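Reader: I have a model open and a few things to check. Can we go through it piece by piece?

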Amino acid sequence: MVQNKLPKKPLIAMVPVSLHGETSAGGNQVSLLLASLATDVADPLKRLQRIVESTTEAKNRLTKMPRLQKMAHGITSIAPLGAGIVTGTAEKHPLFNLVISNVPGARETLYLNGARLDEVYPVSIPTHYLALNITISGYADNLGFGYIACRRSVPALQRMLDYTHNAIEELEAALGLEEPKPKARKAARKTVRKKAP
């Protein structure tokens, strides 16, 4: 495996999209979109621009569809994955490389029996041929990153914390923003490591 080198092709993320705002019906109301993570682009600003372009294009396609068509689009987008798992081709020719989801949380501070909830870190599910799942959960003005992965496929999951931190710092430097406080990073690192399998 070659490291410290950009891949020839970008990683593709499968991103679930909630449709609950379009109906009052219960149950799962979800579709999905596929987005390029532009991991083949070295410049952080160009990488971010490519990600935004990819997600915007996918969202624009989805927005024009009626709700049921959006759900059908999501199902048909990943339908070849089932056949690929059965035949074994999913390992060499995946439709997407990982799942990334964003779960909006409470905007106000929450309490339970007088104890304040300080942070929220999500836990999601890795599946066959999709060994990494990243879920981001919002709470108040913070985001909690939850990384769940297959230990055999991603043996050094804790490094994702450092890579995420480095990528955020790199992007902030490119945008001329102030570096986040070390205390917040240390707390997040400690908590998320507990979540890793």
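Reader: Where is Leu177 found?

Author: Leu177 is in the loop between helix H3 (159-175) and helix H4 (182-195). Keep in mind that this is a predicted model.

Reader: Buried or exposed, that Leu177?

Author: Exposed, as the relative accessible area of Leu177 is 52% and the cut-off for exposed is over 50%.

Reader: What makes the nonpolar surface patch?

Author: Leu45, Leu175 and Leu177 make the patch, which covers about 270 Å².

Reader: At what angle do H1 and H3 pack?

Author: Helix H1 (residues 44-63) packs against H3 at about 105°, and the two axes are 9 Å apart. That makes H1 roughly perpendicular to H3, because angles of 65 to 115 degrees fall in that class.

Reader: Which residues meet there?

Author: From H1, Pro44, Leu45, Arg47 and Leu48; from H3, Glu170, Leu171, Ala174 and Leu175.

Reader: What does Arg47 form with Glu170?

Author: A salt bridge, with 3.7 Å between the closest N and O atoms of Arg47 and Glu170. The pair links distant parts of the chain, since Arg47 in helix H1 and Glu170 in helix H3 are 123 residues apart. Glu170 is partly exposed, at 35% relative accessibility.

Reader: How many salt bridges does the structure hold?

Author: Four. Among them is the one between the side chains of Arg61 and Glu57, at 3.3 Å from N to O. Those two are four residues apart in helix H1, so about one helical turn separates Arg61 from Glu57. Arg61 is partly exposed, with a relative accessible area of 45%.

Reader: And Arg107, what does its side chain meet?

Author: The side chain of Asp141, in a salt bridge of 3.4 Å, N to O. Arg107 lies in the loop between strand S3 (98-103) and S4, and Asp141 in the loop between S6 and S7, so the pair ties together parts 34 residues apart in sequence. Both Arg107 and Asp141 are exposed.

Reader: Changing topic, backbone angles. What is phi of Asn113?

Author: Near 55°, a positive value in a residue other than glycine. Asn113 is in the loop between strand S4 (111-112) and strand S5 (115-116), and counts as exposed at 80% relative accessibility.

Reader: Ala140 too: what phi, and where is the residue?

Author: Phi of Ala140 is also positive, near 55°. Ala140 sits in the loop between strand S6 (132-139) and strand S7 (142-149).

Reader: Is Ala140 buried or exposed?

Author: Buried, because Ala140 has 17% relative accessibility and buried means under 20%.

Note on methods: Residues numbered from 1 in each chain as written. Predicted model: local features only at pLDDT ≥ 70, side-chain atom pairs only at ≥ 80, totals over all residues. Heavy atoms only, no water. Patch = residues over 30% accessible without salt bridge, like charges linked within 9 Å, V, L, I, M, F, W, Y side chains within 5 Å. Areas by Shrake-Rupley, 256 points an atom, 1.4 Å probe, with all protein chains shown as cover. Buried < 20%, exposed > 50% of the residue type's maximum accessible area, 1.4 Å probe, protein only. Axes fitted to C-alpha atoms, helices over the stretch in contact; angles between N-to-C directions. Parallel < 35°, antiparallel > 145°, perpendicular 65-115°, else oblique. Contact = heavy atoms within 4.5 Å.
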